[in-house]
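Me: I would like to go through this model with you and ask, for each label, what it rests on. Please set each value against its cut-off before you conclude.

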Amino acid sequence: MRFEEMWRDLSPVGRSASSGGYFRQPWASAESELRAWFAAECTSRGLVVETDGIGNQVAWWSPASGRSEEPGVLTGSHLDSVLDGGAYDGPLGVVSALAAIDLLRERGFEPARPIGVSVFVEEEGSRFGRACLGSRLVTGATTWDEARELRDRDGVFLADAVSAAGLDPAQGLLSLDRVATFVELHVEQGRDLVDRDVAVGLATEIWPHGRWRFDFAGQANHAGTTRMEDRHDPMLTYAMTALAADKQARLAGQRATFGRISVEPNGTNAVPSLVTAWLDARASTDEALAEMVALIERQADERAGRDGTSLVVTAESVSRSVAFDPDLAARLAAIGDWPVIPTQAGHDAGILSAAGIPTAMVFVRNPTGISHSPDEHAETADCLAGVDALADVLTELARSGAPE
């Protein structure tokens, strides 16, 4: 089947020989190779491919009836990865979308409205720190004037990275005017479907989440000659803050993670002068998220006062809760009697939903629940069940007489 063939083609691109994980950062070589692969796959199917000025892509299958200008159904996902990420987060949705079109054609289905397959860039925010950046720009949630000034870990401006990839933002961004509905297939990043013993489910909502930068400043000094009581050590303030974040999240039944830090001067025998740490926080409601982050910041401030350090907290990105169209979810769930479940992970689907586009998500079972890791996995049989489910969903949404 074409699904397995496409999956084999993608497997080596951007894969680390040592960890088996993936480094598919946006506007870099591996991700550029994937964009070229996507365009070639779409062209081989007779789909009309559009690429915008920052690398977002969409390929359209238009009806033979000539109703190609009607708003259509968009599916797809992303091809970039987190650092040392898994194979399925993003690419599964893209490969499944193309395989679903193959399956629909095998069934003899002729869409009454266009079906598009999309790839949004920098969904993970792994290079420039802004999750779902491609879809945020397309929907206007983020402006290019703001985004162009973002820098990666090496200090490269986003505008320069886009230009180095051979793209030109002056050419404009994808238009969503032709999109009546968006459906994103994604590997589940959790164990809900495993616990239910089903291969496929749909999403009800996305938890609110965000990223906050904590800058802990202190005084650099000698690790051997500086007495413990004379130190102004920002690493201690950070360490307590990480523990406080863990405690607050556990007490509230929410999520808080410090997964990235930067230390200056980063010497083994020196008390650091600056520790910068990034908090990823997620909660069941907007209010719970704000309360948890405020508690973590307050405890960090109090500890900084005791350590003789200082703290500045900057919200780099915050996404409010997203409830997917309940009528659409119920309508699609009825096709296969699929369960409808929440997700704590952010997706391009959430950005498009927040922009007013009726949106749904199809999840494929993840046997371990592990994601954002080389251990991320989905069984081939479940992936193929996802392709079947997506094909059924697209049939429902693109058939003659389907409401927009």
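Reply: Let us begin with contact, which means heavy atoms within 4.5 Å. This is a predicted model, and under that heading what covers the buried residues of α9 includes β7, α8 (234-252), β9, β11 and β12.

Me: Which residues of α9 are called buried, and what makes them so?

Reply: The buried residues of α9 are Asp 286, Ala 288, Leu 289, Met 292, Val 293, Ile 296, Ala 300, Ala 304 and Asp 307. They carry the label because buried means under 20% relative accessible area.

Me: How do you know what span is expected of helix α9?

Reply: The expected span is 1.5 Å times one less than the number of residues. Helix α9 covers residues 286-307, which is 22 residues, and from its first C-alpha to its last it reaches 32 Å, close to the 32 Å expected. Just after α9, Gly 308 takes a positive phi of about 70°.

Me: What makes the space lined by Asp 80, Glu 124 and His 372, among others, a cavity?

Reply: A cavity is a set of points where a 1.4 Å probe fits but cannot get out. The search of the whole structure finds one cavity of 30 Å³ or more, and the largest cavity has a volume of about 30 Å³. Its lining consists of Asp 80, Ser 81, Val 82, Gly 85, Gly 86, Asp 89, Glu 124 and His 372.

Me: Which residues are closest to the centre of the second largest pocket?

Reply: Of the 14 residues that line the second largest pocket, the closest to its centre are Phe 128, Arg 151, Arg 260, Trp 278 and Glu 316. By class, this lining has four nonpolar, two polar and eight charged residues. Arg 151 is found in the loop between α5 (144-147) and α6 (158-164).

Key:
Residues numbered from 1 in each chain as written. Predicted model: local features only at pLDDT ≥ 70, side-chain atom pairs only at ≥ 80, totals over all residues. Heavy atoms only, no water. 1 Å grid on protein atoms, 1.4 Å probe; cavity = no way out; pocket = protein on both sides within 12 Å on 5 of 7 lines; lining within 4 Å. Nonpolar A, V, L, I, M, F, W, Y, C, P; charged D, E, K, R; others polar. Helix = DSSP H or I, 4+ residues; strand = E, 2+ residues; numbered from the N terminus. Buried < 20%, exposed > 50% of the residue type's maximum accessible area, 1.4 Å probe, protein only. Points joined across faces, edges and corners; volume = space filled by probe spheres on them.
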